[in-house]
Amino acid sequence: MKKILTFLAMTASILMVSVSCNKNNGDDDDDDDGKKEEYVAPIKIDGDFSDWAKLDGTKIASATCDKDATKTALKLVKVYADAVYVFVYFEWDKDQIAHEPEVEHVPFHCYINTDGDASTGGYGDEFSDACSELLFEGFVYPDGAKVGSYEPGVFEWTGDVNGTGWSWNDLGEFNGLCAGAGIEGKYEFQIARELMPKKLADNFSIGFDIQQDWESVGVLPNSHVTDENPGGLAASLQVKTVK
C-alpha cells in the first residue's frame, strides 16, 4: 500500500511540472485582455484641423510660401507620416483661387519621391531636385461649387531621370487611396500607404502645386527668385515616417 501511494504522488508531481512548462505566458503584442492594440489615426479627415495641434511639432514636415517666389497661391503645407497613412494639410490664398460650378475644379497635385532617392524620378519643372516617381492629380472642388474629398488619379514618371516636362503615364484611380475634407482656404487629406502603386520609403520627399485653368499658381516648397534660380524652385519637402 505504501508503494502505491508513493507512486501516485510521483505521478501527480510530474503532471504538475508538465502543465507549468506548457502554460501560455501571453503574447508581447497583446494587452491585459488578450487583445492586440488597435491602430488609431492621429488625424481625423473631417475639416476640423484642431487635431494637428496635438501632434509633436518636431515630427511634422512643413513649408511656407516665400514672399518673393513666382507662384504664391499656396501659403502653407504640413505633412505627417506614420506607418499607415501620410497626412497633408495645406492653406491657399483665396484671392488667387477662383472656382465656378462645373467650370473650375481647382487641380491640386502631389509629386512624390517614393524611394527617397534623389537620383531617380524626375519633373524638374517645379522642384529643383527633380526626383518624383508618382504624381497624384485631384481637385479641391471636385463638384465645382463645394470643397470635396480628394480622390486623385495616379501617374508614373516616364521621362528622363531628373528630367523636365510633363512625362507622366496614367495608372488610373485607386479606390480608397485618398480622402480629403476642408473649408475655403484650408484643407486636409490622407494617403493610404498600402494602396500606393509604389512602396513608400520611411524617408521620402513630396511637393505640391495648386492650379487655375491648368496652370500652376502656387507651388510648395518654393524659393525666392535669383539670377541663378529664375523660377524660384526649391527641393521637395523631406518627410520622415513616425514609428
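Analyst: The terms are taken one at a time below. This is a predicted model: local features need pLDDT of at least 70, side-chain atom pairs count only at pLDDT 80 or more, and totals for chains, interfaces and linings use all residues. Residues are numbered from 1 along each chain as its sequence is written, and side-chain values use heavy atoms, with hydrogens and water left out.

User: Why is Val-106 called buried?

Analyst: Buried means under 20% relative accessible area, exposed over 50%, partly exposed in between (1.4 Å probe, protein chains only). Val-106 has a relative accessible area of 0%, so it is buried. It sits in the loop between strand 3 and strand 4.

User: Why does Asn-162 count as partly exposed?

Analyst: Its relative accessibility is 35%, so Asn-162 falls in the partly exposed class. Asn-162 belongs to the loop between strand 6 (153-157) and strand 7 (168-173).

User: What makes the bond from Leu-220 to Pro-221 stand out?

Analyst: Most peptide bonds are trans. The one from Leu-220 to Pro-221 is cis, with omega near -5 degrees. Pro-221 lies in the loop between strand 11 (215-220) and strand 12.

User: How do you know how many helices and strands there are?

Analyst: Helices (H or I, at least four residues) and strands (E, at least two) are DSSP runs, numbered from the N terminus. By that rule the protein has 1 helix and 12 strands.

User: Why are strand 1 and strand 2 said to pair?

Analyst: Two strands pair if DSSP finds at least two bridges between them. Here 4 bridges join strand 1 to strand 2, so the two pair, and they run antiparallel. Ala-63 stands opposite Val-77 in strand 2. The open sheet has 5 strands in the order 1-2-3-9-8, with antiparallel pairing. Strand 1 and strand 8 (178-183) are its edges, since each pairs on one side only.

User: What makes a group of residues a nonpolar core?

Analyst: It is a set of buried Ala, Val, Leu, Ile, Met, Phe, Trp, Tyr and Cys residues joined through side-chain atoms within 4.5 Å. The largest such core has 37 residues, and Phe-90, Phe-108, Ile-112 and Phe-136 have the most contacts inside it. A second, separate core of 10 residues includes Phe-49 and Tyr-89.

User: How do you know what Phe-90 touches?

Analyst: Contact means heavy atoms within 4.5 Å. Not counting residues up to four places away in sequence, Phe-90 touches Leu-74, Phe-108 and Phe-189, among others.
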